[in-house]
Amino acid sequence: MNLESKYLGYNLRSPFVLSASPIATNIDNLKRLDQHGIGAVVLHSLFEEQLIDEQFELEYHLTHGTDSFAEATSYFPNYDEFRLGPDEYLEHIRKVKAAINCPVIASLNGTSIGGWTNYAKNMQDAGADALELNIYNIPTDPNLPSAQIEDTYIRILQEVKKVINIPVAVKLSPFFTNMASMAKKFDEAGANGLVLFNRFYQPDIDLNTYSVEPKVTFSTSADNRLELRWIAILKNQIKANLAATGGIHTASDAIKMLLAGANVVQLFATLAKNGLDYLLVLNKELIGFMEEKGYNSVEEMVGVFSQKNLPNPGAYERAQYMHALSNYQLKL
Amino acid sequence: MAEKKFLTIDGNEAAAYVAYRLSEVIAIYPITPSSNMGEYADEWASKGIKNIWGTVPTVYEMQSEGGAAGAVHGSLQAGALTTTFTASQGLLLKIPNMYKIAGELTPTVFNITARTIATHALSIFGDHSDINAARQTGFAMIAAANPQEVMDFEAICWASTLRSRIPFMNFFDGFRTSHEIQKIEVIPNEVLKEMIPDELVEENRKRAMNPEKPFLRGTAQNPDVFFQNRETINTIYNACPAIVQEQMDKFAKLTGRQYKLYEYIGAEDAEYVAVIMASGGDVIRSTVDYLIKNFGEKVGVLIVRLYRPFSLETFINSLPKTTKKIAVLDRTKEPGASGEPLYLDVVDAMFRAFQNGTAPFEKMPIIVGGRYGLSSKEFTPAMAKAIFDNLKQDKPKDNFVVGINEDILNTSLEVDSKFNIESDQVFRSIFWGLGSDGTVGANKNSIKIIGENTDNYCQGYFEYDSKKSGSITISHLRFGPELIRLPYKVSHSNFVACHQTVFLEKYNVLKSIVDGGVFLLNTPLPVNEIWDSLPKSQQETIINKKVKFYAIDAQTVAEKSGMGRRINTIMQTCFFAISGVLPKEQAIEEIKKSIVKTYGKKGESIVKMNLEAVDSTLANLFEVPVPAVANANWDTFPPMSKNTPEWIARVEGAILGGYGDDVPVSAFPVDGTWPSGTAKYEKRNIALEIPTWDENLCIQCGKCALVCPHATIRIKSYDPKLLENAPATFKHTKTSDKEYAGEVYTIQIAPEDCTGCGVCVEACPVVDKKDPSRKALNMAPQPPLRANERDNWDFFLSIPEKDRNTIKTTSVRQQQMQLPLFEFSGACPGCGETPYVKMVSQLFGDRALVANATGCSSIYGANLPTTPWTKNADGRGPAWNNSLFEDNAEFGLGMRLAVDKQNEIALQLLPLFANEVGNDLINDIVNAKQITEAEINAQRDRVQIVKDKLANINTPEAKRFKMVADYLVKKSVWIIGGDGWAYDIGYGGLDHVLASGKNVNIMVLDTEVYSNTGGQMSKSSPIGAIAKFAAGGKPTNKKDLGLMAMNYGNVYVASIAFGANDNHALKAIVEAEAYEGPSIIIAYSHCIAHGIDMSHPLKNQKALVDSGQWLLYRYNPDLKAENKNPLQLDSKAPKIPVAQYMDMEIRYKMLSKINPEAYKELYKQAQTFAEDRYKYYQYLAARDNF
């Protein structure tokens, strides 16, 4: 069975791709996934914000309380250098590249234009096969016009594209007024792939401690409908490849994404919950499905259910919503 | 001659630089002020820096200085070139081994930062009492006067020791030289190789122990031969001085720097000569130069370099033949001796020269001796001049002191404080800063900039506070075209910077400024308000001396640049911009270069932030117009409260105001006794913000008071009638505790004593349901609250304390109403030790004797000026003492023996007074159960009745009884110290005391490092933690002290962490004290050395315990009698990974930035260790056969 999938200019041996996640921090995990035939791996994100915070944290603690008291003019040994900034991450890219065969996609979450371009270049130089830009931003300023935010997003991509020549995918949130227009703008700005969608860890209120705390919950299959819709809508309308991410837990989930138009599906929660060997099950079930339905290759499946291919394109639009809602009401 | 290379370093680094390059093994142990040398060596070894023979020396930390000396001895005997670093008590602990090392003629060099030995008080500062206590060991001794000499003499010592076979001590003045930064010429490796040819090393190695060619050393000898054998070394010692001079001459050929064993500087025809060694020599030589140049005086100084072996002949021949009078200066005191050691050497040399007929003088010179500079007391040119002035008298004072006012026997020399030798070629500056604002760091950086980028020589010396919170620093910087031999504080400054306005209120910061000098003030005020903010005397100085006055709002610039409270870069930029020490543009460029160099390793963001701050500084610095007349109606005010008792105000007030040097000898007690409880008179006002209490939200849990490190939050529940005269803003609410029904409740903050750490706010469990950002305690700016809260605090203190019999010590909420008898200490803001100390003082303080090991707790507990251990309204409180670092458990045990003996005597005598007292009362006293507070108070009442009844009976027995009657009331002996003491240096004694079965309570304040000396590794340090001497993360597990103590079976053992479970901590402390045998409490104490947020340390403690890295347990041997397992594991099974906790603290997390592989590996091992340990304790707590 030919599971090959085209993504970011590579012929991947499988449509399953490891999503940016803590799984990638451990090279042994990546080696296992590689042995199990994963298509590509996206490394955990490098957060520029976190790097800066760490620098400030280190600086604060290494100077706090120093030169204040005659007997203890410092509290830590003096080091000539620290592996700060992206050094550790870049070292990780090098090590991962040396350890596995499938393409390695570095992931970057920046806060400044300078940060985006510097780190992107560093990642390319460290050997990353492609880059996934995770543009994660929650605008809260009521005076900031949407257009300006959208322009910033596009500018980030353009700047990054200027300094590197490896393919670039953009991981997006679904919260744009006109998702299709945004996708097109990214496409025109040179995005080689769009990863739909970024899943925000939403805050929660803890009623015991009376405090707001970040709540980390794994996605469920129900979470993947949004991306299913947009993948189907965008398929064939833009040149960029599409990757589905979030809520893909079973082979059925993955198959639906491929049928909707995703070139690859990204996995995290299901591997975290079921173990890395679960990839073998997913592979097996995908092959089983293809055999049953008579597909010879993944390529044949991709986009079968895209909006353009459907006799009733409204299925992915508002009409479908009204239909669904009325059915729901009937059940009451 | 090799090309000259300069470094701008301090004396410690200068010594370590050469010692490291000439050693193969280095055994170390931290002790101020020598710790830095070991730290440098450890740092260089961890970076792989090699010695001159291409190997990285092995640096090994031992458990004590004695241990380090033993390791040095072993390493030397086994053939490695070995060194060590120490001072003070550390040198004393090495003495037994030094006799052996010298007796076996083993070449080595010990590096000593000469420091005061503790007598009536401890002092970390410099004098020669330690090296003089080791002068009889057989070590040769060389004294260096400044960092350049320290480095040079280190090489000369090594060259001499290997040739003479006599071990050497290279000593220099603690702090004055060890911590003084100077630009010095570095000895290149080639020179070191020339000085130490390989043949010498080979010969040394051949003498080492080696099973290939075995022999014995260290035999035991008998009366028949020991004496003869001991006399064999005489020729070797006789040859030593010449060898040293030879090496000094060789060194001169290689470097151009010539030294003499006894170096005379002065007039060729001098009649008046001072003899001195170490840094004082530089003071006198500079003064002599000045006196000759300006007044043609016939004066000179003979600087003693080689102190042992003392070469009588060379010494005498080094003096000018014209010498008529000699003053010998000793920086030590030997009570009871006929003179101090150097004086006696000189007298002896002179006497023998005359006796042998070899004296070159016409007549026997008059020789007088004097003491100066004890404990780093300033020694200035004015004092040097006073010494010559004394010699010029017909009858010069002998056995004099200089630099203090000795007003009992009037032995002090009169000093003309206006005498000044500073030349205009030298630029002099003083900076007043806060420890936390980065002033010292900035100045060190400025010195490097000038040292490395100009031909100027430079000097930096830094004064620190004895408090660890809100501490003041004063930096003294000099720059000039020649080597600066002025080892005393700047007294005539061209530039004065005041980095915090609060200093203006307390100190005359402009005292030393010269005419036309520059004054820089950091102030948040706008330009038109600045002048009015100055006190009168300082306004007058500015006007009279035509001072140029500049100002900047550095705080705002810092905040805008993201630098928080650190104004270092900003003030440094101002200094260079207006001082004129370098051309402005060049200076700014150099600062920027230096920022890139200094901060580059810490990341681009830090560099950017600092560079932005430089630019922003230049835009915000301005000159302040100076009016013609002073208009202020206030002046610097005394830092003590109005109701301070006279003696405390006079003595401690002077110290606090910066006039401690002026306090005369007669003001002091003769035996080191100091009054308790004087900290309350010092009003420091260091908090920017203080907590405010919301009485409506408060649930009266008492946690805020418990965690307060400085006892500045107090709780009282009292009769509402007492509110009658309460100030209008005094807060109160109904007491919720049903046992105190009908009372009112107040939580009061001491606004002027609070350090603003904020831990109380973290501890407060309440969240305002209407505004979750608020708690029952909220921080608010202190200045607007100060006046009202001061009145409220005074009123609060006037409310009587609750009857202690009605306070349950089983619940935090009631227990925290007990009066703390440990308050307002000098501990760090947010300190993790003091809450335990305070709790002990609350629970048992009125009947406690405390033995306190040297360390943080002895320093914040008793470093002058003021004392935090205090007493209650009845005048009772903890009786406190600090003996040493290493002997604290034994010290405490001794107290117990004395208490028990006096109790025994009282019990023995009591029945003699059956007629006066009555048998019933006697029986009640003898059989009294004294476990609870109420029972003990009842006994105290009984004893009082007896004392009253015997008041007028004065038979010898009655007198004896009355002296010991108080010992019938149970006394609580506490042995308190840190982990450095308990796990390392004092462990032998601690173990002995645990085994004694005696009723003592040991409190180990476990910060897992040597906190007081700057965070060196102890055996308590956990695996993976970075500490000094464990730069790569500690590779081994923490020692399980509790488990070792439990093995005795009859020791009460508890492991507590107040931030994780305060009730557990309280329960353990109460149980430990009640246990009639030895108790040990291992108390987790978060620390500034952990790299944590000190305003939120409790979350770290919670995670620590939740992860299983720290276990809460109690082992109570009394439970065995109830057939219960004595061990109660109070920790629940670990619920978070150890890594999650470890990543919360820089001491662990930083390893990921240094060595990610080691980080992962050590984290893994830490997890395994925590899991295994929990399982083992679980097993121990569950087993039936205990």
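Visitor: What share of the contacts in chain A between residues at least 6 apart in sequence join residues at least 24 apart?

Guide: In this predicted model, the share is 72%. Two residues are in contact if their C-beta atoms lie within 7 Å. Buried residues make up 46% of the 332 residues in chain A.

Visitor: How many helices and strands does chain A have, and what is its radius of gyration?

Guide: Chain A has 12 helices and 12 strands. Its radius of gyration is 22 Å, close to the 20 Å that the globule rule gives for 332 residues, so chain A is as compact as a globular protein of that length. The C-alpha trace of chain A spans about 80 × 45 × 45 Å along its principal axes.

Visitor: What is the strand order in the open sheet of seven strands in chain B?

Guide: The order is S3-S2-S4-S5-S7-S6-S12 in chain B, and the pairing is mixed. Strand S3 (58-61) and strand S12 (306-308) of chain B each have a single partner strand, so one side of each is left without a neighbour in the sheet. From one strand to the next, the twist averages 20°. Helix H1 (residues 11-21) of chain B packs on the sheet and touches strand S4 (82-86), strand S5 (109-114) and S7 of chain B. The direction of H1 makes about 175° with that of S5(B).

Visitor: In which sense do strand S6 and strand S7 of chain B pair?

Guide: S6 (residues 140-144) and S7 (residues 168-173) of chain B pair in the parallel sense, over five bridges. Ala140(B) stands opposite Phe168(B) in S7(B).

Visitor: At what angle do the axes of helix H28 and helix H38 of chain B cross?

Guide: The axes of H28 (residues 834-844) and H38 (residues 1062-1074) of chain B cross at roughly 50° and come within 11 Å. H28(B) and H38(B) are therefore oblique to each other, and the crossing is right-handed. The residues making the contact include Met839(B) and Leu843(B) of H28(B), with Leu1066(B) and Ile1069(B) of H38(B).

Visitor: Which backbone features deserve attention?

Guide: Most residues other than glycine have a negative phi, and most peptide bonds are trans. A cis peptide bond joins Arg308(B) and Pro309(B), with omega about -5°. Another cis peptide bond joins Leu864(B) and Pro865(B), with omega about 15°.

Visitor: Is Phe824(B) buried or exposed?

Guide: Phe824(B) is buried, because 27 other C-beta atoms lie within 10 Å. Phe824(B) has a positive phi of about 55° although it is not a glycine. Tyr210(A) likewise has a positive phi, near 55°, but counts as exposed, with 12 C-beta neighbours inside 10 Å.

Methods: Residues numbered from 1 in each chain as written. Chains lettered and ligands numbered in written order. Predicted model: local features only at pLDDT ≥ 70, side-chain atom pairs only at ≥ 80, totals over all residues. Helix = DSSP H or I, 4+ residues; strand = E, 2+ residues; numbered from the N terminus. Rg over C-alpha atoms; globule rule 2.2 N^0.38 Å. Buried ≥ 20, exposed ≤ 12 C-beta atoms within 10 Å, placed from the backbone. Pairing = 2+ DSSP bridges. Axes fitted to C-alpha atoms, helices over the stretch in contact; angles between N-to-C directions. Parallel < 35°, antiparallel > 145°, perpendicular 65-115°, else oblique. Left-handed = near helix turned anticlockwise from the far one by under 90°.
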